[in-house]
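Here is a brief report on the structure shown below. It takes the chains in turn, then a helix pair, then the interface.

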Amino acid sequence: MSSTTTQIPAAIPPKREITTKPRFSDRVFRGVVTSGGLSSLVILGLILIFLLFNGYNTLKTQGLHFLTSSNWQAAINDSGQIDPKNSHFGIAAMLIGTMVVAVIAVVIGVPISVGAAIYLTFYAPEAVKKVMVSAIDLMAAFPSVLFGLWGFFVLEASGEYWAKLLSKYFSWIPFFKLPAPYVTRSPFIAGLVLAVMIIPIVTSISREIFSQTPLDRMQAAYALGGTRFAMLRAVAFPYARSGIVGGIMLGLGRAMGETVAVYTVLNIVYQVNWHILFSAGGNVASMILLKFGEASPYEIKALMAAGLVLFILTLIVNSLANLIVSRTGKSGR
Amino acid sequence: MSTIEKVPTPPPRKPWAPTPIDRAKTAGILAAAIIVSLAVLFVTPLSGKLAFAAVFFVAYLSIDFVVSFAKAGRAAAVDSVFRGLVTTAIAIAVMPIISILVTVWVRGHHGLHWTLFTKDMHSNSFTDPVGQGGLLHAIIGTFLLVFVAMIISVPIGILTALYLTEVRGRFTRPIEFLVQAMSGVPSIVAGLFIYAAILIPFTKTVNGIQGSLALAILMIPTVARTSQEVLKLIPEDLREAGVALGGTQWRSVALVVVPAARSGLITAMILGVARVAGETAPILLLTGGSGTKNYNVFSGSLGSLPNYVWQAFSAGTPESITRAWAGILVLLVIVVILFTAARVLGNRKVGKK
């Protein structure tokens, strides 16, 4: 090999180096892109660290009571200073309230969203589908303060009417009992607003999953003489089931973290309230907003701890949801 | 040859499309359901639009069931009832959108006037008559907040998407997972984080950049995920062609892949902006709500549209609430314009310049 090269005159360019080693420019490129890619890890990590750092003191002094008690009181002693001994911070009422409104939202919003997704995927004419999909996607971009105002001024009125109806005919169900005849700004109405807010996300995820239903199986079902419903039951539902569960959990996560809309429509009262039609409730996010305005630095640390709990809770729900969603499509019958 | 051409082609048949008889039947069932529900409302003590809707829903489904059952048996009956159910679902899903748009227009358009776009609130309060003052300061503030958030989040979001689609290193799966997890971070938590990380230790006061940082956190996942979807659609051939021509990966990404995906990446950016333009909770914690024009993001309280709406709503008088709806109307128009722009750009074929 080397002997032949020496005989040939130098007109031929030198041998090119063939290598799999990335060039310098590529190494820089990969380095920059990787560090950009890791930013989500860094940001989530920083959120966790800073909230923990600020909320640690409260979590330490309150211990488990932070999650189990419903007493929120920043005591001030005689000299006007914060009195850590007598201050109590517990978010149980708000945690329960968060779950209550989020669950109401899911119970009302999910059947509507999944039904809408089925209609859009399997029934709608192309033109109708385009318009409706755009409209529902647009709704996802509506500001939450708009949902809040709409809930307060428009939905409130009909919501109250439904609440009265429910309490009249279903008060034998413990949840629908009214301890006092006040139905304005109840968790039920907050749940309705949140249901409207999660419709876009649950619809679009369900639609995406239904649209992946294998065509051959659908055609097989039709070829066997099935009606459209028979096809849906035999093919689409089993295929999409776990993905829909994931979509529901994403909706739940969204509903749990909503702040402004809940703050606007809900009468935030610091007590555990299981009566969804009664005018008292709250959720962690709106409580943080409510207390933040006049909070002392000491109380703000407690709010940071509440934020930490909310962050971890939504992170868990969302992660589970994403795991479930990403697994569908690969499984199925 | 010519004989074959003379054979008339039968019109294409669409056995699944409804025949005139089907349409007449549907119209008949609808009419029957309306009559039945009116009759029920007339006879029983039920009254009102809601009762009508409920009775109509039940009546329609049962008449539909009976008719289909008589015609084609149980399977067909269940099928057509299910169709009725999902049609109702989409109707209910679209109803709030219509209601919201109509409400915003009906309640907000009284508050619209020219000074809205030429004046700020420095010498007016929210309870003044609607014609006084304006929200120029809020529009400027929102623009600045979102613009700075965009400058921060778009590079990070696109880099994340490039990592997921081009570099595909060993962190691909975890990062994909984390980006999705990040899209679920509640906005109030993003606000608290910036409060804890920047406001408490450093600035100790409100300013615009803090709001922008919080918005950027909320914007990154939207930008990253949309960009990733777009970059996935770029054909592998383009990348291979770039490398085969002797380009390094850096050059083939920068000169081939990214330009091919340009309109999609702009769509991602716009969707991110639309996502955060109306974000309220972090703004309330971090930026303050000044009523005067402030062009400096780095110092001083910065008013913004969500904050204006919030303050006007909280003031609680009829004038201020009209102001709040007018503010929402302006905000909504901005969001709709952005969204439409994203749609128009996004519908273009990927890869076309």
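## Chain B: contacts and fold

In chain B, 70% of the contacts with a separation of 6 or more join residues 24 or more positions apart. The model is predicted.

Chain B has 14 helices and 0 strands. The C-alpha trace of chain B spans about 75 × 70 × 45 Å along its principal axes. Its radius of gyration is 28 Å, while a compact globule of 353 residues would have one near 20 Å.

## A helix pair in chain B

How far apart are the axes of helix H13 (residues 305–315) of chain B and helix H14 (residues 318–347) of chain B? They are 7 Å apart, and the two helices pack at an angle of about 160°. Angles over 145 degrees count as roughly antiparallel, so H13(B) and H14(B) are roughly antiparallel to each other. Their crossing is left-handed.

Which residues of H13(B) and H14(B) make the contact? H13(B) contributes Leu305(B), Tyr308(B), Val309(B), Ala312(B), Phe313(B) and Ala315(B). From H14(B) come Ser320(B), Ile321(B), Arg323(B), Ala324(B), Gly327(B), Ile328(B), Val330(B) and Leu331(B). By class, the contact of H13(B) with H14(B) has 11 nonpolar, 2 polar and 1 charged residues.

Chain A contains 13 helices and 2 strands. Its radius of gyration is 28 Å, well over the 20 Å that the globule rule gives for 333 residues, so chain A is more spread out than a compact globule. Along its principal axes, the C-alpha trace of chain A spans about 105 × 70 × 30 Å.

Of the 333 residues in chain A, 46% are buried. Among contacts in chain A with a separation of 6 or more, 77% are between residues 24 or more positions apart.

## The A–B interface

How many residues of chain A are in contact with chain B? The count is 71 residues of chain A, against 72 residues of chain B. Helix H3 (residues 39–62) of chain A gives the most to the side of chain A that touches chain B: 10 residues.

That side of chain A divides by class into 45 nonpolar, 21 polar and 5 charged residues.

Note on methods
Residues are numbered from 1 along each chain as its sequence is written. Chains are lettered from A and ligands numbered from 1 in the order in which they are written. This is a predicted model: local features need pLDDT of at least 70, side-chain atom pairs count only at pLDDT 80 or more; totals for chains, interfaces and linings use all residues. Helices (H or I, at least four residues) and strands (E, at least two) are DSSP runs, numbered from the N terminus. The radius of gyration is taken over C-alpha atoms; the globule rule is 2.2 Å times the number of residues to the power 0.38. A residue is buried if 20 or more other C-beta atoms lie within 10 Å of its own, exposed if 12 or fewer, and partly exposed in between; C-beta atoms are placed from the backbone. Two residues are in contact if their C-beta atoms, placed from the backbone, lie within 7 Å. Ala, Val, Leu, Ile, Met, Phe, Trp, Tyr, Cys and Pro count as nonpolar, Asp, Glu, Lys and Arg as charged, and the others, Gly among them, as polar. Axes are lines fitted to C-alpha atoms, for helices over the stretch in contact, and angles run from 0 to 180 degrees between N-to-C directions. Angles under 35 degrees count as roughly parallel, over 145 as roughly antiparallel, 65 to 115 as roughly perpendicular and the rest as oblique. A crossing is left-handed if the near helix is turned anticlockwise from the far one by less than a right angle, and right-handed if clockwise.
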